[in-house]
Amino acid sequence: DGTPVAMDNHWMPFTPNRAFRAEPAIVARAEGVHYFDPTGRRILDGSSGLFTTPAGHGRREIAEAVGRQLMELDYTPSFLRGHPRAFELAGRIARLMPPGLDRIFFANSGSEAVDSAMKIALAYHRARGEGQRQIFVSRERAYHGVNFGGVALSGMVNNRRTFGIGLPSAVHMRHTHIPENRFSRGEGEHGADLAEDLARVAATHGGESIAAVFVEPVAGSTGVLVPPKGYLARLREICDRHGILLVFDEVITGFGRTGRAFATQAFGVTPDLITMAKAITNGAQPMSAVAVKRAVCDVVMNAAPEGGVELFHGYTWSAHPAACAAALAALDIYEGELLFERAAQMSAYFLDQLFALRDIPIVTDIRGIGMLGGFDVAPMGNPGQRGHLLQRRLFEEGVHIKTTGDAAIVAPAFVMEAGEIDRMCETFRTVLKAL
Ligand code: PMP
């Protein structure tokens with residue numbers, strides 16, 4: 001009837017965040033490291049969107065590449081009629097991977113990449129005559145997305161319990177965050193001991209019944225849990241001993257967040273599969289990918305179809321031309337502006353400012369690596385209440401970050417200047433003190 005539609009969640013109530021449902025916060029524009037609300041108020045983006053825009057918002061090169069691509073070739077079903085940009089992008093991503101992890105499957109979200117990796121793992125074992133390997137192991141404080149597979153893997157019980165037996169079987173290890181690792185930048189010791197959780201799971205369930213272990217090299221959405229030294233290497237050893245595939249979910253850590261191209265390089269441990277999404281297009285298009293070891297891929301692809309191994313897996317939007325164009329333009333920026341190197345250089349400054357918050361009494365722990373930091377606030381009232389309040393007050397004071405429970409997650413764009421990091425951390429200090 002011509003009345004403007006109200007921006008309340010009458011229309012779109014499906015958000016995991018109850019408070020947002022009641023009172024949505026709106027942004028209308030973004031540029032560089034800032035959002036702008038509908039009144040033009042400027043908000044510093046301390047989360048790179050949601051780990052998505054390390055090169056800053058509104059990069060013209062990417063927008064133009066997407067526009068050009070849509071005029072040249074807007075859509076093709078990529079599993080039937082391929083297109084040049086998809087192959088070019090697969091090659092570019094493979095070059096960022098450790099040697100041998102060079103077979104690429106494209107999907108459209110982190111959740112889809114995770115479910116795809118689970119199916120590839122099951123297909124691999126079946127092709128080897130080990131179809132009994134049906135169990136997935138992941139960690140209690142893990143987040144792997146919202147599709148059925150990812151929900152089963154994610155340790156967070158609240159995300160899972162509504163769906164019960166509809167979920168694939170998954171067994172959870174404990175999370176990696178240990179007291180010795182307090183105020184750590186990942187240098188904590190005793191990591192190898194923690195990995196013994198996996199050895200215990202293998203002993204209980206039988207190593208030969210486990211298909212894959214999924215881990216975020218640095219658990220992101222559950223509060224930036226930097227693993228202690230030796231932890232990931234020990235997981236690799238235990239997986240090898242039992243013929244279990246190791247999957248790194250690098251949806252957050254991929255594309256420079258740790259100061260290296262991928263966390264696999266930052267920790268010097270090579271998994272069998274890597275999932276990636278978020279920063280793959282610098283936020284300009286939905287896209288994700290799974291990188292698969294050539295040796296694993298060969299087993300699946302060369303299996304005799306009569307053996308029953310066919311993946312029958314692909315998405316209408318897989319390798320969408322506009323997403324490929326966006327990702328190629330984003331990679332041009334990352335590489336041309338040496339942004340992964342810049343993330344490594346800015347890391348010390350960023351983490352110094354963040355760790356300086358340790359003198360605030362309600363800050364109980366701080367963690368970080370590269371351009372990824374997290375800190376906990378002491379709970380107040382219900383669990384998560386103070387964390388939520390922190391996030392809301394920060395937004396009012398002009399800083400956008402994500403919180404999860406009573407943990408804050410900070411992930412600035414790699415292009416953020418020192419002065420902006422100062423302003424962000426000063427705002428943290430002011431708001432934390434008032435809380
Ligand atoms: N895996 C990890 C490690 C993630 O952090 C996320 C998203 N936060 C996902 C998977 C799911 O990605 P998406 O929201 O794109 O489906």
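**A tour by selection**

Begin by selecting helix α13 (residues 339-355) and helix α15 (residues 418-434), which pack at an angle of about 20° with their axes 10 Å apart; helices here are DSSP runs of H or I with at least four residues, strands are runs of E with at least two, and both are numbered from the N terminus. The axes are lines fitted to C-alpha atoms, for helices over the stretch in contact, and angles run from 0 to 180 degrees between N-to-C directions. The model is a predicted one, in which local features need pLDDT of at least 70 and side-chain atom pairs count only at pLDDT 80 or more, while totals for chains, interfaces and linings use all residues. Residues are numbered from 1 along each chain as its sequence is written.

α13 and α15 are therefore roughly parallel to each other, a label given to angles under 35 degrees, with over 145 counting as roughly antiparallel, 65 to 115 as roughly perpendicular and the rest as oblique. Show Y349, F350, Q353 and L354 in α13, which meet A418, I421, D422 and C425 in α15; residues are in contact if their C-beta atoms, placed from the backbone, lie within 7 Å. By class, this contact of α13 with α15 has six nonpolar, one polar and one charged residues, where Ala, Val, Leu, Ile, Met, Phe, Trp, Tyr, Cys and Pro count as nonpolar, Asp, Glu, Lys and Arg as charged, and the others, Gly among them, as polar.

Next, select helix α3 (residues 60-72) and helix α12 (residues 321-336), whose axes come within 8 Å and cross at roughly 150°; α3 and α12 are therefore roughly antiparallel to each other. The contact of α3 with α12 comprises, by class, 12 nonpolar, one polar and two charged residues.

Move on to the ligand, where S109, G110, S111, G145 and V251 come nearest among the 15 residues around it, a residue being near if its C-beta atom, placed from the backbone, lies within 6 Å. Helix α5 (residues 110-127) supplies the largest share of this shell, three residues, and by class the shell has five nonpolar, eight polar and two charged residues.

Finally, select the open sheet of four strands, ordered β1-β2-β3-β13 with mixed pairing, where two strands pair if DSSP finds at least two bridges between them. β1 (29-31) and β13 (399-400) stand at the edges, each with a single partner strand, so one side of each is left without a neighbour in the sheet. β1 runs antiparallel to β2 (residues 34-36), joined to it by three bridges, and R29 stands opposite F36 in β2.

Methods: Contact = placed C-beta atoms within 7 Å.
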